[in-house]
Number of protein chains: 2
Amino acid sequence: MPEDSFQHVSDKCTLYQGSYLSLHKMNIHLPDGRKGIREIVHVRDSVAILPITEDSVVHLVKQYRHAVEKTMIEIPAGLLDQEESLKDAAVRECEEETGYRPHKLEKLITYAHAEGYSTGFMTLFLGTDLEFTGKTHMDATEHIEPVNVPFKTLLRWVQENRIYDSKTLLSVHLVKNRYA
Amino acid sequence: MPEDSFQHVSDKCTLYQGSYLSLHKMNIHLPDGRKGIREIVHVRDSVAILPITEDSVVHLVKQYRHAVEKTMIEIPAGLLDQEESLKDAAVRECEEETGYRPHKLEKLITYAHAEGYSTGFMTLFLGTDLEFTGKTHMDATEHIEPVNVPFKTLLRWVQENRIYDSKTLLSVHLVKNRYA
């Protein structure tokens, strides 16, 4: 019997099937007899990569995020394509968004970004041995600008909370002892 | 004119209005004339708190997360109640989930947890000067178990990626130089 089978689920239904996400609802049954509902967003898993040169310059991207109504500076990131490996997706997103192809990848961590209501997992990589190919390619509805800064500047932005997405914050903290 | 007004939005509509979240859809118009859609989940903002004793013991909670179908060990967290301040919410959630009331709070950071499709912001606190009140109080559909471990153990779990929610990962990295 699986560890958590006591959290019985019933009456799962799909509320919305969209382009980027779908929404599902279900009843849950707790061990003590209580009942509740859960509304769960299904999204594809994603990857993000901190691409850094030998001189400790980081290639970031600036874009407007409609969900939070703000322009944010972030490490390159994107959704996994169907049957694509995490590493292939990280290399692809890095090249598409910055024009730099990383020849060396190091996996940093995998985490659930909104475990309360979303299925989505994010995997972070460090990307080094960067080759400039210039092969940028935005997704159909992306509008992205490059931002290239020394790691120390990025770390200061993180410490000042001028960076405020989980993937950039986490990746900077995970490698700061090597580059700061 | 606001900085990002070039990202014009039209035809906003509500697809679903639920108990914990609502789902909205809109058209976006990019500077170069391209159009796209965005599906955006509206959730209440949330807080999380890393409560730590003078002996560097951390009070964590273990719970089954239906969205990711896993049992996770996390720092206490929850949604803001209506008109509640971030600090009041952090104190309340800490006491409700662990039975310990923090008398000192330090704000660590605020971040968007799923900037691609969700409005939600999370604010992290460090909680010290803990008083045991025993006043635990689960939300109507919560089932939570306490997990109390030395900070060093928690740091090891983080390094081994046995912890994998953004709030616990980030808060541990933000204070590790003080407690490890």
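The legends below describe close-up views of a predicted model.

View 1. With a relative accessible area of 0%, A:Ser118 is buried, because buried denotes a value under 20%. The residues that A:Ser118 touches, leaving aside those up to four places away in sequence, are A:Val41, A:Val43, A:His113, B:Ala67, B:Val68 and B:Tyr117. With B:Tyr117, the side chain of A:Ser118 makes a polar contact through the side chain of that residue, at 2.6 Å.

**View 2. The hairpin of strands E1 and E2 in chain B.** Three residues link E1(B) to E2(B) in this hairpin. Strand E1 (residues 8-17) and strand E2 (residues 21-29) of chain B are antiparallel and pair over seven bridges. One of the bridge pairs is formed by B:Ser10 and, in E2(B), B:Asn27.

**View 3. The open sheet of four strands in chain B.** The strands follow the order E7-E4-E9-E8, and their pairing is mixed. Strand E7 (77-79) and strand E8 (100-112) of chain B each have a single partner strand, so these edge strands have one side without a neighbour in the sheet. On average, neighbouring strands of this sheet are turned by 25 degrees against each other, direction ignored.

**View 4. Strand E4, strand E9 and helix H1 of chain B.** Strand E4 (residues 46-51) and strand E9 (residues 121-132) of chain B run parallel and are joined by six bridges. B:Phe125, in E9(B), is the bridge partner of B:Ile49. Helix H1 (residues 86-98) of chain B packs on the sheet and touches E4, E7, E8 and E9 of chain B. The direction of helix H1 makes about 120 degrees with that of E8(B).

Note on methods: Residues numbered from 1 in each chain as written. Chains lettered and ligands numbered in written order. Predicted model: local features only at pLDDT ≥ 70, side-chain atom pairs only at ≥ 80, totals over all residues. Heavy atoms only, no water. Buried < 20%, exposed > 50% of the residue type's maximum accessible area, 1.4 Å probe, protein only. Polar contact = N/O pair within 3.5 Å; in protein donor to acceptor, adjacent residues only side chain to side chain. Contact = heavy atoms within 4.5 Å. Pairing = 2+ DSSP bridges. Helix = DSSP H or I, 4+ residues; strand = E, 2+ residues; numbered from the N terminus. Axes fitted to C-alpha atoms, helices over the stretch in contact; angles between N-to-C directions.
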